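Here's a quick briefing to read alongside the model. Have a look at the structure first, then work through the notes below it.

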Amino acid sequence: MNKSTTFLPTLMPMLRLAWKKAWFRYVSFGVVLAALPLIPGMTSSNATILGSVVYFSIAALGFQVLLGYSGQISLGHTAFIGVGAYVSGYIVKELGLPFPLAVLAAAVLPFILGLVLGLIALRLEGYYLAIATLGLAESIRIVFIEAHGFTRGFSGFFSNYPRVLGYQFNKGSTYVFMVAILVALMILVYNFINAATGRALAAMRSSQSAAQAMGVSLFKYKLMAFAISTGFAGIAGAMYMHFFRYSDPTIWNSGLSLNLVVACIVGGIASIEGAVIGAAFVVAMPELLRIVPGLGSINGASFVLSGVVIILVLLFYPGGLVNVASDIGKLRSRLSKGSKHPERSTEYVAE
Amino acid sequence: MQIFFQNVIGGIEAGSMYALAALGLVLIYRTAKMSNFAQGTIGMFNAYIAYFVLARTNLPLPAVAILSVIVAFVVGALIELVIMRRASSTIPMGKPIMTLGLIIIFQGLAPMIFGPVPFQFPRFVQKPALDIAGVKMLPNTLVIISVTIILVAILFYVLQNTRLGLAVRVTAANETTARLMGVPTRAVSLGAWSVATALGALSAIMVAPLTSVTVTMMETIHLNSFIAAILGGFSTFHGPVVGAFILGVANNIISYYISSKWVVAILYTCILAFTIFKPQGLFGKAFVKKV
Amino acid sequence: MLPNKSILKVEHLSISFGGLKAVDDLSFEIAQNQIYGLIGPNGAGKTTVFNCITKFYTPDSGNAWFHTKQGKTVNLVDHKVHDIVGLGMVRTFQNVELIKELSILDNLLIGAHSQFKTGVLAQSFRLRKAVLEENEYRTKARSIIEYMGLGGKDAELVGGQPYGTLKRIELARTLMSNPKLIILDEPAAGLNGTETQALAGLIKQIRIDFNCSVLLVEHDMTLVMGVCERICAISFGKKLAEGTPTEIRNNQSVQEAYLGKDE
């Protein structure tokens, strides 16, 4: 008791100071996320859903760099996730090479693929990238089906939990590993978004003329954002392959690409946290709806609902879910401003 | 040689469907300055409706086809009025992303309402194939090609020779100038949405007998109509139509002579490579952006 | 090609849009540390000239020789639009192009974009050199904000600032790139008399403090006559006359084409 009373007052200001640092917030978030499966009563299937959220968050984070920060749209990102999945699986299972190497290759190959496609499709304005990626996804889907030696086609490709330096991961530790990768990537994205690169992207979205006049090559930054997003998609694919230990061509369908758009828009455009919130929304909503009486029995209700939500968000709440907490805060302060707690409103103003 | 012509005719038939859809895409792209990614999906939904009307009533097929095109016309107007018009203050890319939302909604609703079973859709003309110098041709094919040619001709006539067409072309060239000149640009964009959606639906009804009515029936047509627009160039109305016929024929010839498995990959790679040399498409002009 | 005492020499510049000649065989030359004015009635093609030498448009013919800050002589026509600022020429826009959702400080930092040497990887991992570089330009941006009389506003968003302030921020942003030549597109547009007078003083001061030349397109004759040492008057893309403010004021054809019509 005595110890904690003297300890707390010194700890709190330190925590408050640390909380201002993005990396500290992200690491704390990661710790909580990693600890979630330990909650009593958490079933194995819930833990699987969490894994799904984390892998999809990685892909959505990369997609946010493309859609949110560079203002480009891709409709075929599922192909890059799929390539990442198969490449990492093949390298570990068939070539017997170490897992970290497989993750690296799963990031680099889609990155190069994105670079090449972007070099061609990004020279033009408009929606060429969207169409080019759609075409690529269709072509790659056929590769997934036909290239039996590489993907096993519809029979499916089976793999194992990762093994790193002699340590064999199980489901729980693979999940923690995925969370660590997600947090690391969030910090990296935060860092470059809040540096010259992020400012160049912001300029490009807001005023292309100003960006160009200040030396920003639109082509270079669009290409960079696209290649980063494909690289992240590849990493997400590698995570999928080694958490779910299975892949077949039906998983990498066009609906998954659309879900990435939903995640970034509904979670919050141009927001790192928004990508994660959106990914959780996309993955968790079908599960939550299953509990709702009436709706639960209808197949695909959540899919339709996510289509409705994306339109509603764009029409009425373009900032996305990430703003809900701060907007409620503002609303509360406005409500309490009148009579009861005048001091509270000044607190918000000071912030 | 007969086989070659057989493939060409099949290609022109497929190209007709791409052409109608591509024309719809370009209409919206040029007047509303956005991409309607949901055109194919809405067409698919219309094909389902047409199938059920046909199955439950005694209406003849042409009447059902016309009815379904009218329904699509209204649906297109509603999308513009209810959603797109209100979205002027949303984020950049917000409008095309909303059409992605529409894809999700219609793709999700279709199996819920109509069930997961594919439906067989009858041909417009059930008569057996004609034999023209060894080349077999279904009368239905002839109907598809002629309907397309007639429709495209009417649309181009309206675009080039009427006040309405002038309004559309002026809006496409520069919306601000058009508005200052008194062109009712909102009505133009409403009309573009209606006509485009109707064209998408017609293309779906044409393809329905060849495949069957399923949720994914329009995916290839939709993607190919976009590719056709890229090939022909988004900056003209005739470019995408020509692109569509080239794409249809090339698709069949590659599929027959090279590989039917890899035709899609080969074709897309070729067109991607083509855009390296001619980024504005076959008929496209480069724009000078006003600063 | 370009004498040492000059900073920019435009030769036989022409561009047309849909058969209409917007700039027609235009030539002029700006000396080092000179304040040079480009005037002309509405639609004379002034901004088009700017857009040609900053490569937003590619001229149909003609050259634009420039002494870069790296000490080379280059033809701007051969460069890409985003490379121009790195060579030492920076511009503003007629309708103020700023990034509304960013702070004033961040907007100035965008002005230094061409100066940044670290790449996205160094920034992602916050390598020492990236952090040092960022801090260096932040310090510089703060001092320029101070210089422009906007001290204390660093963290305020650009969106919602009054128009006069926006103009100042845009001018401040040009200074971040260590320019040899600043080109200003109607810097006095939308400003009142006092603000315009203050701007005239500021432009002269900037030329001395930052050791650069200034080229400006302007409608406001008091500003042009007050600050420019040489003026080129154009009409329908063609040069009418070039000379000192007094010469231009007394020029017959300029009066007809521009002053006569305007008053």
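Start with a parallel pair: strand β3 (residues 35-39) of chain C and strand β8 (residues 213-217) of chain C run parallel and are joined by four bridges. This is a predicted model, so to speak of local features takes pLDDT of at least 70 and side-chain atom pairs count only at pLDDT 80 or more, while totals for chains, interfaces and linings use all residues. Residues are numbered from 1 along each chain as its sequence is written, chains are lettered from A and ligands numbered from 1 in the order in which they are written, and side-chain values use heavy atoms, with hydrogens and water left out.

- A word on terms: helices (H or I, at least four residues) and strands (E, at least two) are DSSP runs, numbered from the N terminus, and two strands pair if DSSP finds at least two bridges between them.
- Both strands belong to an open sheet of six strands in chain C, ordered β6-β7-β8-β3-β9-β10, with mixed pairing.
- At the edges sit β6 (89-91) and β10 (238-243) of chain C, each pairing on one side only.
- On average, neighbouring strands of this sheet are turned by 15 degrees against each other, direction ignored.
- Those angles come from axes, which are lines fitted to C-alpha atoms (for helices, over the stretch in contact), and run from 0 to 180 degrees between N-to-C directions.
- Helix α7 (residues 193-209) of chain C lies across β3, β7 (181-185) and β8 of chain C, at about 135 degrees to β3(C); contact here means heavy atoms within 4.5 Å.

**The four-stranded sheet**

- A second open sheet in chain C has four strands in the order β2-β1-β4-β5, and its pairing is antiparallel.
- Its edge strands are β2 and β5 (73-75) of chain C, each of which pairs on one side only.
- Neighbouring strands here are also turned by 15 degrees against each other on average, direction ignored.
- Helix α1 (residues 46-53) of chain C packs on this sheet, touching β1, β2 and β4 (61-67) of chain C, and its direction makes about 110 degrees with that of β1(C).
- Strand β1 (residues 6-17) and strand β2 (residues 20-31) of chain C pair in the antiparallel sense over eight bridges.
- Bridge partners in β2(C) include C:Leu26 for C:Leu13 and C:Val23 for C:Ile15.
- β1(C) and β2(C) form a hairpin with two residues between them, and C:Gly18 in the turn has a positive phi of about 50 degrees.

- Most residues other than glycine have a negative phi.
- A:Leu165 has a positive phi, near 50 degrees, and sits in the loop between β2 (163-164) and β3 (167-168) of chain A.
- A:Leu165 is exposed, with a relative accessible area of 87%.
- C:Asn211 likewise has a phi near 50 degrees, in the loop between α7 and β8 of chain C.
- C:Asn211 is partly exposed, at a relative accessible area of 42%.
- The cut-offs: buried is under 20% relative accessible area, exposed is over 50% and partly exposed is in between (1.4 Å probe, protein chains only).

**Cavities**

- How many cavities of 30 Å³ or more are there? The count comes to two.
- A cavity is a set of points, on a 1 Å grid over the protein atoms alone, where a 1.4 Å probe fits but cannot get out; lining residues have an atom within 4 Å of a point.
- Grid points are joined across faces, edges and corners, and a volume is the space filled by probe spheres set on the points.
- The largest cavity has a volume of about 80 Å³, and its lining includes C:Phe93, C:Lys167, C:Leu184 and C:Leu199.
- α6(C) gives the most to that lining, with three residues.
- The second largest cavity has a volume of about 40 Å³, and among its lining residues are A:Ala213, C:Phe56 and C:Arg91.

Notes
1 Å grid on protein atoms, 1.4 Å probe; cavity = no way out; pocket = protein on both sides within 12 Å on 5 of 7 lines; lining within 4 Å.
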